[in-house]
Amino acid sequence: MADSSAESADARTHETADVLVVGSGIAGCSAALAAAEAGAEVLVLTKATRPDDASTDWAQGGISVARGDPESLKDDILAASDGTADGDAVDVLVGDADEAVENVLVETLGIEFDASGDGEYDYAREAAHSEDRILHVDAATGTHILRPFLNHLDGHDRIEIREDTAALELLTHEGRVHGVLSDDEPIGHPIFAGATVLATGGIGALYSRSTNPDDATGDGIAMAALAGADVADLEYVQFHPTASADEDPFLLSEALRGEGALLRNADGVRFMPDYHPDAELAPRDVVARAVAAEREATGEVVLDVSPLEFETAFPDLAETCRDRGLEGEEIPVAPCEHFLCGGIDVDHRGRTTLDRLYAVGECARTGVHGANRLASTSLLEGLVWGLRAGEDAIGTEPEVIEPPELRDSDPDLPDRFAAEKFVRLRRTMDDYLGLERDPDEIARAGAVLRRLKGEVDAYTRTRTARDLYELRNASVTALLIARAAGENTESRGCHFLVSEADGRSTEPEPETGPTADD
């Protein structure tokens, strides 16, 4: 541990690792495993203190495979993206899919995916898939993958997992990343690495309703962008059409619609055939906007599970509904922030534009998703790119550089300070950067977020509290999303532009407190 009484950076203790992974979802675990199996000493830092703090643990539907027909899966990915996905990146995903799932999830981890009566895998079908190709465990696939994965890594003699530890800043020099400052010490604890892999997950905390954990604050994206790495496609924020309609939403897996569940409005009318030929199995962006429109027009949308054996086919999800007091066969649903299709720009090995920095999983922009993600490709992308990055990241010795010394000199902020700032950030994102976006409102969002970022910067200069840095990261990422949305004048997929809505106020709520520019 670092000596918090040290008067200079030279006096501070530090650590080294061959490969440093920041994040403990499927992408981070895959990178750590691949690097360790190739002979590297690996340190995994994670803010999580239990598996359900990671987004992977919340993944329901399953993991797509190619089933020996990668071209069919590629066609579906490209179609769901409205033709915007990078074909070369999709080739990587579909080409590696079957082998990665078989070698790591089945053979190494022993994941027992659901099987049918004849012992064959019970492949499911989800929206915008033309074939049954989703491997799953009930509707809690992420949980059944991540926990065995973490247990396996815990027993690996080349891997250390350090929980409840946040990365605050990347350590950089002349375009090269040398590790991170962690929050193990108030002035930052330097950890130097031959290569650093960011696997920090998504941005759910930027919206008031999300299917992500509360600590999904865009940390990796913000740290990489502040260090000078390229980001791309940040305007493409995917909203899942069927989350529970309450204030604390949970996901109602797309697999339900794949098995025959129907969407009905408050009048009992099944409406999706009027919006798309594939009805409930249309691409997610189409279904989400349709659900929002029908909720506004009729007051409610429900997911009707009467066409399937809900209790038998999805026992865990049925139990969740009962625990929430949702009885019966019609479950009220509403769209909810779900996944960021863009992120830190990376190549086919997860390499960013900064030397020795990699990014994998939801914080990375591989090009696979384009403007809209195909269902059940997120776990697969994390697995495939995590393995590729881990294999590529080995072989470089850590270099110790002069690390910055963060200041932690001012009094602690009030307990609710960060939470109250988050309220303003989320209100701005909900109102102006949601399912439908007006160009004038996007500009207003940018103005609000610039002022918020300026305020937060003023506090982080003299304090290193984790919640404050999470707020810093969230405000940076939100501003980057607003900028990307403002620069993209074409409606595609998740980025859906409309003219100023009739009767809706476009004036942001009054700002309070000090202001500053970024």
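How many bridges join β11 to strand β12, and in which sense do they run? Four bridges join β11 to β12 (residues 301–304), and the two strands run antiparallel. Welcome to a predicted model, in which local features need pLDDT of at least 70, side-chain atom pairs count only at pLDDT 80 or more, and totals for chains, interfaces and linings use all residues. Residues are numbered from 1 along each chain as its sequence is written, and side-chain values use heavy atoms, with hydrogens and water left out.

**The whole protein**

- The protein has 14 helices and 16 strands; helices (H or I, at least four residues) and strands (E, at least two) are DSSP runs, numbered from the N terminus.
- Its radius of gyration, taken over C-alpha atoms, is 22 Å, close to the 24 Å that the globule rule gives for 518 residues, so the protein is as compact as a globular protein of that length. That rule is 2.2 Å times the number of residues to the power 0.38.
- Along the principal axes, the C-alpha atoms fill a box of roughly 70 × 55 × 40 Å.

**The four-stranded sheet**

- An open, antiparallel sheet has four strands in the order β10-β13-β12-β11; two strands pair if DSSP finds at least two bridges between them.
- At its edges are β10 (237–244) and β11 (262–265), each pairing on one side only.
- From one strand to the next, the twist averages 45 degrees.
- N265 has V301 in β12 as its bridge partner.

**The three-stranded sheet**

- Another open sheet has three strands in the order β9-β14-β16, with mixed pairing.
- The edge strands β9 (231–232) and β16 (364–365) each have a single partner strand, so one side of each is left without a neighbour in the sheet.
- Strand β14 (residues 343–345) pairs with β16 in the parallel sense over two bridges, and D345 has R365 in β16 as its bridge partner.
- Helix α6 (residues 219–227) packs on this sheet and touches β9 and β14, where contact means heavy atoms within 4.5 Å. Its direction makes about 40 degrees with that of β14; axes are lines fitted to C-alpha atoms, for helices over the stretch in contact, and angles run from 0 to 180 degrees between N-to-C directions.

**Around strand β1**

- Strand β1 (residues 15–22) runs parallel to β8 (residues 189–198), joined by seven bridges.
- β1 also pairs in the parallel sense with β2 (residues 42–45), over four bridges.
- V19 stands opposite A195 in β8 and opposite V42 in β2.

**Helix α13**

- Why does the span of α13 agree with what it should be? At 1.5 Å a residue, the 22 residues of α13 (residues 439–460) should span 32 Å, and its end C-alpha atoms are 31 Å apart, which agrees. The expected span is 1.5 Å times one less than the number of residues.
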